[in-house]
Amino acid sequence: MSSDATKGDRIRELMATEGDAVAENTRGFNEGRIESTGRLDGYEELKADARDIKEDAIGRLPELIERVRESVEANGGTVYVADDAADANRYITELTAEECDADRLVKSKSMTSEEIEVNEALEAEGVEVVETDLGEWVLQLADEAPSHIVAPAIHKSREGISELFAERFDLDDPPETAEELTMFARERLGELVEDADVGMTGANFIAADSGTMLLVTSEGNARKSVTATDTHVAVAGVEKIVPTVEEFAPFVELIGRSGTGQDVTSYISTLTPPVDSPVPDFQADDEPLADGSGDDRDFHLVLIDNGRMAMREDEQLKETLYCIRCSACSNACGNFQSVGGHAFGGETYSGGIATGWEAGIEGLDTAAEFNDLCTGCSRCVPACPVDIDIPWINTVVRDRINRGEADPSQTDWMFEELVPDEEPAGLDLSTRIVGNYETLAKLGSLTAPVANRLTDAGPVRAIVERVAGIDRRRDLPEFASEPLVDWFEARGGAAVPRDEAAREAVLYPDTATNYVDVDRGKAAVRALEALDVHVRVPDLPGSGRPPLSQGMIATAESAAEDVYAGLAAHVDADRDVVVIEPSDLAMFRSEYEKFLPEASHERLAEASYDVMEYVFGLLENGGDPAALRAPAEGTGPVAAGKRVAYHPHCQGRTIGVSEHATAVMEALGYDVRVSDTECCGMAGSFGYKEDYYELSMDVGEPIREQFGDTDRTVVAAGTSCTEQIDALLGDAPMHPVELVAPRE
Amino acid sequence: MSVADRSTFKRRLDSLGVTVTEGPENECAELIDEAAGDPAVGVALDAGSLPERVETDPTTAELRAAHTGVTDAELGVAAYGSVAIEADRAGTEPVSLFVDRHVVVLREADLVPDMPDAFEWLGPKARGESADVVFATGPSATADMGGLVHGAHGPKEVHVVLLREDGADAADSEVSADE
Ligand code: SF4
């Protein structure tokens, strides 16, 4: 675990040095996105259009590349398709250093140019490169890498920038306010732009029909870099091509809103170069500006493959190419908010989708360095303007890392029997333990008194931490000696007979409810029976969520098949499937689409409900709310009043079942305050890992800020959330169904 | 252009901190004169005229020294408060960019409701004669220095002169201003 220890240290260091600045900015962007997209009519339709355009364009990319070539050449420009970074850099340096004999190249912000490291290549040939985007310029002066794909210097504070300027320019009285710093940069960069020889930009989109490229900017530096120089080099990945100019429209409406929450950025440049503008001659500046010098402009479009055409052939990574690099998935991500792109990123790209980009461009090793930081909370999914299943890409890459890096000599014989046949031997121990949580839980339940006492013992925890990387500051789950399924059978099964029931339901005994938190299962049975439901609690296998979270796709897939086999007869008999654990319901509704035949997935997804969603539906259909527990009857913590603080589960939010609990509690007369935090930070097993303990607690910190001194009764739906909130607030919340179910 | 588009456009400009004045085409020079600082450079307009003091064939030195640049906009996008500035041989792009204040003249007839309309206008143009158009929304801006600042590289201020269509009377604009 030695490399992992370094990883943990690095994360702790970045949290301390950059975490606050990154958190403030990304949370601001994220709120801006929610607000701006909320005001946009037809937001969902625009996203669907954007997705269709990308699917179509990537589908016929080779043909579109040729169209772009024809269009740009017809306009008088040149297109070069570079196989890789070295090829692109060779072309660009030859053009710049040799043909143009340029001394200085001015650049606007472009992640693709960072990817190929063109600055270094140009400087090696004696060309001075000046980043003109203010954030990029700061990083160039500081010799640092971007921490965010859209706002590259968000990790730097205003004070830090002021100190940097003072040092680099030897200033006694450096600019301090944002206004002063900006004007200082405007002036310096303005001079550098005036006598530059070549202008380099990226391109957000390129239309094949006309060779028009679109640039999304705010500062005006891209406009200046293009206008002030007679040679324009645009560097763009091949995936930036769309068929027509008209198809730019949905992206223009979505990209700013999704990223920083601006409806549209200050400048959307649509260039069909070479442009007509005269080239201002700042040396001989008493000549008329409009001197026809626009006729001598030269334009080169350098399209970069660098692994992208291979990604296009890769069924799983292909979706990455739809990404428009808006940064929504970074901003929406709890872990990213805490650590930023210096930890949650690879060579060039950062945030959840970086796993796809880095795996495709740099390789699995690079992706493996940060891929763990995607916990699969799924809060980025509804934020992505092109509907990329970002957690799935992370899962796939994790699966490939598991397989590719498995070294048989490290096989740990002790836990070998825990590794299902589908997975490679030699997976690291914490991956295996979590991936086989169901087996462990069964064992733990069988030996509950002993197991619980043992796992609490200090020396045992130290060994668990050292061998399995599970942080000793975490409470380990306490196994119940009587699983829910056994309890249900022992009580004689259903209390509401079939012929008297309003409906029939199967309560899915998820691993956590069945073996650990049996009380919430019993409460669910009471609530459903109070509403005249004939309940069954059959013995069913785990959903496959824990192995999936560890990238063990084959194991998760066979779990899906087993669960479906166990539930099919019930679904055939028109029984509803009621699920307590939101992450398991999310499996049934979302991930099982990838594992089951289409018809099976649809039937199961349609038949299954979140327990609070189900209670909500029963009440809507005439169920008697008086059969449930209203606030006045409460004792214990609930007696503090009818005031409730509710933290919905991240994946529950994504699949749209988090609001039913609020509705049910309010219908019963509770006063509910909902947590503003989208993911508690525990995310299954993530927060248990020694490397990530502090990060996990930091992600959950806003919950403590919001509910730390509350006198409200705290409820939460997910098992992980329960453990995390217990750690944060010092008291374990109950599931909403435990609040509303009648007493035993 | 509908009355609703005009009022949306003006509301959006207002929220972006862009000032607007309106009048008929024959008052164009006056409206520009009120809005432009000194010294001012400009590019000859399609509709309406420029005041005398605006230098229409500036040297690069005059451009660099100018406080204000005056140009046409080809199109306005009501829903976003954007104006479409087209680069040309006369220097519309540098005149709108290398200055502190950009005064942009837009005919109401050239206002379209929303982004898709703007790209339907741009598409045939780009495929035909080739088009270099920037959709500018408010002044140049940055948040890279620890707070939102206008005038990062481009203009710090933008003023729109909206030229009313023939027949549209002042009362009409009063109504929309009240909305
Ligand atoms: S994956 Fe989606 S949300 Fe993330 S940067 Fe790309 S387009 Fe934006």
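The second largest cavity of this predicted model has a volume of about 110 Å³. A cavity is a set of points, on a 1 Å grid over the protein atoms alone, where a 1.4 Å probe fits but cannot get out. Grid points are joined across faces, edges and corners, and the volume is the space filled by probe spheres set on the points. Lining residues have an atom within 4 Å of a point. Here they number 15, and A:T227, A:L271, A:V275, B:A87 and B:E93 lie nearest the centre. The largest share, four residues, comes from α11(A). Helices (H or I, at least four residues) and strands (E, at least two) are DSSP runs, numbered from the N terminus. By class, the lining has nine nonpolar, three polar and three charged residues. Ala, Val, Leu, Ile, Met, Phe, Trp, Tyr, Cys and Pro count as nonpolar; Asp, Glu, Lys and Arg count as charged; the others, Gly among them, are polar.

Residues are numbered from 1 along each chain as its sequence is written, and chains are lettered from A in the order in which they are written. Local features need pLDDT of at least 70 and side-chain atom pairs count only at pLDDT 80 or more, while totals for chains, interfaces and linings use all residues; side-chain values use heavy atoms, with hydrogens and water left out.

The search of the whole structure finds six cavities of 30 Å³ or more. Of its 21 lining residues, A:C333, A:L373, A:C374, A:T375 and A:C377 are the closest to the centre. In chain A, α15 (334–339) and α18 (390–405) each supply at least two residues of this lining. The lining divides into 13 nonpolar residues, seven polar and one charged.

The contact between the chains (heavy atoms within 4.5 Å) takes 67 residues from chain A and 57 from chain B. About 5,000 Å² is buried between them, and carbon and sulfur atoms give 56% of this area. Buried area is the accessible area (1.4 Å probe) that two parts lose on being put together, summed over both. In chain A, A:R186, A:R223 and A:L289 lose the most area to chain B, together 14% of what that side buries.

Eight salt bridges cross the interface. Each is a side-chain nitrogen of Lys or Arg within 4 Å of a carboxyl oxygen of Asp or Glu. One of them joins A:D295 and B:R89, with the closest N and O atoms 2.5 Å apart. On the side of chain A that touches chain B, several elements supply at least two residues each, including α8 (134–142), α10 (178–194), α11 and β9. The largest share, nine residues, comes from α10(A). This side divides into 29 nonpolar, 18 polar and 20 charged residues.

Some backbone angles also stand out. Most residues other than glycine have a negative phi, and most peptide bonds are trans. A cis peptide bond joins A:P273 and A:P274, with omega about -5°. A:P274 is in the loop between β9 and β10 (298–304) of chain A. Another cis bond joins B:D38 and B:P39, with omega about -10°. B:P39 is in the loop between α2 (28–35) and β2 (40–42) of chain B. A:S378 has a positive phi, near 75°. A:S378 is found in the loop between α17 (364–368) and α18 of chain A.

How values were computed: 1 Å grid on protein atoms, 1.4 Å probe; cavity = no way out; pocket = protein on both sides within 12 Å on 5 of 7 lines; lining within 4 Å.
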